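Open the model in a viewer and keep the selection panel at hand.

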Amino acid sequence: MKQLRIGIIGVGGIATGRHIPAFLKLAETVKITAVSDINHERAQQTADQFDIPFVFNQFEDMFPEVDAVVICTPNKFHAEITIAALEAGLHVFCEKPMAMSADEAGRMMEAAKRSGKKLAIGFHYRFMKEARAAKKLMMENEIGQPLVVRIQALRRRKVPGWGVFTNKELQGGGSLIDYGCHLLDLALWLIGNPEPVEVSGTAYNTLSRQPDAVNMWGSFDHEIFEVDDHVTSYIKFENNVSLLLETSWAANVEDDKEMLSISGEKGGMEVFPFRVNYAKHGMLFNSSAAFLPGEEDYGLEQARNFAEACRGEAELLVQPEEAYQVSKIIEAIYKSSETKSSVKF
Ligand SMILES: NC(=O)c1ccc[n+]([C@@H]2O[C@H](COP(=O)([O-])OP(=O)(O)OC[C@H]3O[C@@H](n4cnc5c(N)ncnc54)[C@H](O)[C@@H]3O)[C@@H](O)[C@H]2O)c1
């Protein structure tokens, strides 16, 4: 079988830590042929480390050498590079969040439709065993119509102090666009992507602007900290589902907490760890799974899904239209916080 030739654009933490090792495990069907980074030294080092033949300064220069690209740059460049690659006839895997704004995400989605090529977005939580199990039960109507969804994606004093995570111009925001986006995407997928009708939210960055704030994940300049480190939101959908979201890089909580629960008309579920609860025969039950099918390595599963989709052997698990909705809601949360009023669609 002809190998799918992949090029990696932006070879920082996520490219070298997750994507390159994952695609290397698929060596029978995939070959990483090129890397590109504005930091040429880093690109060359990565090529040497992983035995990748071509190194380019300009991302466009790799296009003739590849069938697909994996975009791992700061968020600001996701739209530009994705659209250029799709227009050059390549498949694209773009890291999350899809883009900095709904407009950019919409243009990426349209470019994918026009090109007929695949566009995957790196919402890797969907590939976790717990998420697959939750989706299966939702499809089986195990808890009935979902009513209330709760998300807490909270880190205690862990602002990522490396790279450009606190740079608003390059990333578009902080804890919500970087971390909360994963659980928001997962929740929307689990409840079948209903249309949002109204969004309200509040974004804070009080804590990280304090000169002496304790931070467990590196350091940053509190004087120019301009992104959100804690966000709350209420999202109402056309089918009357409500979603309560709280996400933070730097909460004053006892411990980190990652929680997604869905309360439905017949029962409820928690995704992490995976549990189901329901009422039956006049009794209340809580059950946990003794075995969940699937692979532990969700990074590998994500890479495999992309490679198979490029070959026409599988559907992408994360579709551009779904990732666009995440960007639309995130933008609305930020707008609601700025304007101190809800955003209606
Ligand atoms: N799925 C996840 O959980 C997850 C985790 C971490 C990061 N990410 C996403 O991956 C992306 C990169 O994050 P990271 O942690 O690897 O950042 P990073 O700072 O470690 O790496 C980014 C790399 O991109 C390069 N770069 C910057 N602008 C470029 C351009 N225009 N063209 C080519 N290269 C360019 C930089 O030199 C750097 O090497 C971000 O969008 C981030 O949100 C996703």
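Domain bounds here come from an automatic or database domain assignment. Select domain 1 (4-124 + 299-316) and domain 2 (126-296 + 326-344), into which the chain is divided. This is a predicted model, in which local features need pLDDT of at least 70 and side-chain atom pairs count only at pLDDT 80 or more, while totals for chains, interfaces and linings use all residues. Residues are numbered from 1 along each chain as its sequence is written, and side-chain values use heavy atoms, with hydrogens and water left out.

Next, show the boundary between the domains. The C-alpha centres of domain 1 and domain 2 lie 26 Å apart. Contact (heavy atoms within 4.5 Å) links 19 residues of domain 1 to 19 residues of domain 2. Buried area is the accessible area (1.4 Å probe) that two parts lose on being put together, summed over both; for domain 1 and domain 2 it is about 1,700 Å², with 60% on carbon and sulfur atoms. On the domain 1 side, select Phe-123, His-124 and Glu-301, which lose the most area to domain 2 and together make up 37% of what that side buries.

Now look for charged pairs. A salt bridge places a side-chain nitrogen of Lys or Arg within 4 Å of a carboxyl oxygen of Asp or Glu. Between domain 1 and domain 2 the count is 2 salt bridges. Select Glu-169 and Lys-76, whose side chains form a salt bridge at 2.8 Å, N to O.

Finally, select Val-69. Leaving aside neighbours within four places in sequence, Val-69 is in contact with residues including Gly-7, Met-62, His-91 and Phe-306.
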